[in-house]
Amino acid sequence: MLQRCEFCVVVRQSTSGLTRLSGRDLPLSTHPTDTNSPETSRPARYSPPTTTLQYELLDRREELAVLGRLTKRLPDRVSSLVCIEGAGGIGKTSLLNAWIAGARDRGLLVARAHGIESREHRPWTVARQLFDSLLAALSDADRRVLQESPATQALLARSGEECRASGDDAEVSCEIGDDLYEVIVSACEMGPLALVLDDATWADQMSLSWFRCLASRIDGLPVMLVTTRRCGGGHESAPMLDELALQPGAITLELSSLSPGSVRRLVQDRMGGRADEQFCAACHEVCEGNPLLLNELLRVLVRNGVQPYAAQADRVAELNERVLERTIAMRLARQSPAVVAMSRALAVLGDGTRLPVVAALAGLDPFRAQETVREMRCMGVLAEEELPRFTQPLVRPALFRAMTPAQLAEEHLRAARLLRDHGESSERVAHHLMLTQPNGDEWRIAVLQDAARRAAARGAPATSARYLRQALTESPAPQAEVSLRSELATIEMLDNPTAAAYHFQQELLLRQDTHGRAAAVSGLAVALCTTRRTQEAITALRQVLAELGESPEDDEWRLRLEAHLVMTAWQDGPAASIGTELVEARSHRSLRGDTPGERAWLAVCALHAQAGHGTAEHARALAGRALRGGMELDGAMVRFFPPLLLSLVAADHPEMAAGWLQRMADHAARRGSARLSAVATFGLTTVAWHSGRVEEGLGHARALLDVVGRETPERPAVPSFAAVANLLLDLGATDMAQDMLQTHPTDSLVCDAWAKSAYLLAHGRLRLEQGDPGAALAALLECGRYQEAGPVITPAAARWRSYAALAYAAAGDRASAIDMANRDLDLSRRWGTHKAIGVSLRTLGTVTGGQRGLEFLSQAVDMLEHSPARVELAYTLNEFGAACQRLARRDAARSSLERALVVAEECSASCLADRVRVTLPLVGGSLRAARPSDARRLTPSERRVAELAAQGRTNREISEALFVTRRTVEIHLTSAYRKLEISGRPELAFALAQAATPARRESALPMP
């Protein structure tokens, strides 16, 4: 008999029992009643139902309708991404089952995979499941075609490279992802396709990363991506899944709890006949509308003879306290000893463990284990899958609650020994050791240390640190403790510097060898400086330096420690002269950059030159030698490279720095270091602004705000919030910069010289922007005192003099403004970059005014034409146009402002472009002035990429030649196509050739 209820629920009656759709579907049973007869009084004696009914879903009509509509669009090649979220037991999998059943009936190919909780996440596990499921869903003929396709063959050929792809070989990872994408494209030729990832919270990171990338590449394909994830209940947010849900066009279905009406219907169906409203309300309240919990509660109520009367509503809360703690465990406990043992073993080992290992822990022979698995599947406890897996995630905690802590710890210890003996990975063994009491066994320490190294290699530093901390509780021997503390401190150096400093200090107390102490104090100096304890760092460095001898190895360590001492002293402020004197005393050294110590010292010398003690070309040469051996980003040497790369930007070589910064970002992503990633992102933001890509720079800057927002005195942000605020001001994001400066308490966070001067510079610039020259000047002059105490005198390091000159002018002190601007120009000329000189000339022209000021502004434009700093060129063109307007030189003003608008729009400098649009009509300019369509509009990086592409280089070859990612190459090419007004690569060579011999380039600006 087929009926439909008000919730559009399909009911199937069966006198022979209940037919389940799956282990996670919601089974409902009811006592048959005659709906046509008048209402009768309640029977004196409660009797359980004698027949059963099956309801597929309750309260999910809207979600099914959404999935159905998206499915119907697939034949028209309209792709979609659906993220289903909800608490455990809310019915996510049941919703998938109902939709998939109908979709397959309409000819949809469905490939499905499951994330597995508490299992070692091997790379590509979920992606492999999807691939196997896809093959199984195809017909024999289509399966053969897909298996013989080039993409599948390439994918199978790489099967041995998958593990390596999870570590340092990101290239292999990209190739596997590309091959999987090609397999999906080939499968789409056989029909619309749905890729379903259930329990995505527990999927491996490689598969999730690929799935996220796939979501951005399915446009135009008949592909539907569906994920489910558990949220709430204390489950941590998964950043990659958050990013997936934020993809353009993604649809998120948040499954709500059952309504009171649905709960009432469930109570009536399970408990027979009618139920009092108060009783149903009590059931809804204690289970919060969770279908799984409600189902278990009703089973307990029926078993305990509770009747659905208002008088027994109190029994609901009483029995519900025992439901989660005892119901599942009691059901299993009543089974055979083999089922109990197998359930406990699987609960301890985790879903997806190989059956022989589970059987060994349960004490069962292989034949008996197979029989027990079949029995548990018939009970609905295990899913119908190759590897044993509980149908419900709540089974494990229920079994754990039935065991005492001592019993559970003993089981985990047995599991650790068993997994070790079966040759399982150290991380899998360490997971169980973490749940036991330490006993000092050497094998435990060795396993935990090896697991920590593996976790660090796959980009999980927090997990690695937990393993090492556990190993330290094992009371290791002194030599082993030294090794453990060294590794733990190195891992925590950037992301938990306070803890790292403690472990480095303990290592120093234990170490006796001089070179080991030198390595430890290097890391200690970085950690102490990050937490702004610079005086402690200086004392420790000097102490170990005094212990070094005269051997070549001692000389190498002396170079490293002296470089650390210089960096630390410069950060301290009052002690900055110590660093400067040390650099000048060692300036006679001729170093090639062959060793880490030489590279560290060359980096210090390059920064010294940038501070005003050398030219930009000299700093660039020093930086080149410092980078000769590559960057060392996993230890104390990491502190030297970010400022070194920023010195390349200051030397007007931003694209040279960009390749190294992208490498740093990739390394940070592989290692899972949020702080190193933030440092790299800050550098890329600076490069983007310096190269005239404001929109790209703002995108990077927004990513920094969350990291900087978590700054505390114990864990200061790297880079400092003040440095980010200055960058936001450069990008024109004044409101964002103001919010940041107002949010952070400067007294507690800005206590070192670098951060303090950066804060004062940002504060002064903001006050100047807001029309308060007095407050701006006070902050900028104080910034200057901090800088010169460094001493940092070049405008390449801080342009405080330019802003101070503008503040003097705004306050009416023209003489001081011109004097300050001239000093700034002299220093810029000593530094020698087109950008620094151009900006200083612009400032001098602005504060001088009149015909003389116009000449300075013209020189500034000519200078910036040769600089990659396109945004500064746009600002200078605007200033020149405004100056011409004030002198009634309309033609020159119009020409300058029209070009300023073109350059500002090329750079996506919207704030400046809006300002120019207001002024341009006043001088007779056209807001629709023709934009150049030749290679003049390309940034230096876009031009280099375009030229290599025109030569026939592939994206991979270009990325290797320029030390950038393939994604960066794609972005630059897309931008070049748009600016050159061409459709693709075949037209690129011709467009560049036309631009190579253009009509005579217009002069920078016509002089009146």
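What follows is a chat about a predicted model of one protein.

Biologist: Before we start, what should I keep in mind about the model and the numbering?

Modeller: The model is predicted, and local features need pLDDT of at least 70, while side-chain atom pairs count only at pLDDT 80 or more and totals for chains, interfaces and linings use all residues. Residues are numbered from 1 along each chain as its sequence is written, and side-chain values use heavy atoms, with hydrogens and water left out.

Biologist: What is the average pLDDT?

Modeller: The protein averages 81, with 84% of the residues scoring at least 70, where pLDDT is the predictor's confidence in each residue, from 0 to 100.

Biologist: And where does pLDDT stay under 50?

Modeller: Residues 1-56 stay under 50, and for them the model has 112 contacts beyond four places in sequence, a contact being heavy atoms within 4.5 Å. Residues 747-751 also stay under 50, with 12 such contacts.

Biologist: How many helices and strands are there?

Modeller: The protein has 49 helices and nine strands, taken as DSSP runs (H or I of at least four residues for helices, E of at least two for strands) and numbered from the N terminus. Buried residues make up 56% of the 1008 residues, with buried meaning under 20% relative accessible area, exposed over 50% and partly exposed in between (1.4 Å probe, protein chains only).

Biologist: Is α2 mostly covered or mostly open, and what covers the buried residues?

Modeller: It is mostly covered, since 10 of the 14 residues of α2 are buried, among them Leu-95, Leu-96, Trp-99 and Ile-100. The cover includes α1 (61-73), β5 (80-86), β6 (109-114), β7 (193-198) and β8 (223-230).

Biologist: Which residues are buried in α11?

Modeller: In α11 (residues 277-287) the buried residues are Phe-279, Cys-280, Ala-282, Cys-283 and Cys-287. Seen down the axis of α11, these buried residues fall within an arc of 155°, so they line one face of the helix; the arc is that of the directions from the helix axis to the C-beta atoms. On the other side of α11, Glu-277, Gln-278 and Glu-285 are exposed.

Biologist: Changing topic, how many residues has the largest nonpolar core?

Modeller: It has 72 residues, and those with the most contacts inside it are Val-694, Leu-728 and Trp-800; such a core is a set of buried Ala, Val, Leu, Ile, Met, Phe, Trp, Tyr and Cys residues joined through side-chain atoms within 4.5 Å. A second, separate core of 71 residues includes Ala-623, Val-649, Met-664 and Leu-684.

Biologist: What does Val-694 touch?

Modeller: Leaving out residues up to four places away in sequence, Val-694 touches Ala-688, Leu-731, Val-871, Cys-907, Ser-908 and Ala-909.

Biologist: Last topic: what is the phi of Arg-77, and where is that residue found?

Modeller: Arg-77 has a positive phi near 60° although it is not a glycine, and it is found in the loop between α1 and β5. Arg-77 counts as partly exposed because its relative accessibility is 44%.

Biologist: And what about Ala-888?

Modeller: Ala-888, also not a glycine, has a positive phi of about 60° and lies in the loop between α43 (870-886) and α44 (890-906). With 62% relative accessibility, Ala-888 counts as exposed.
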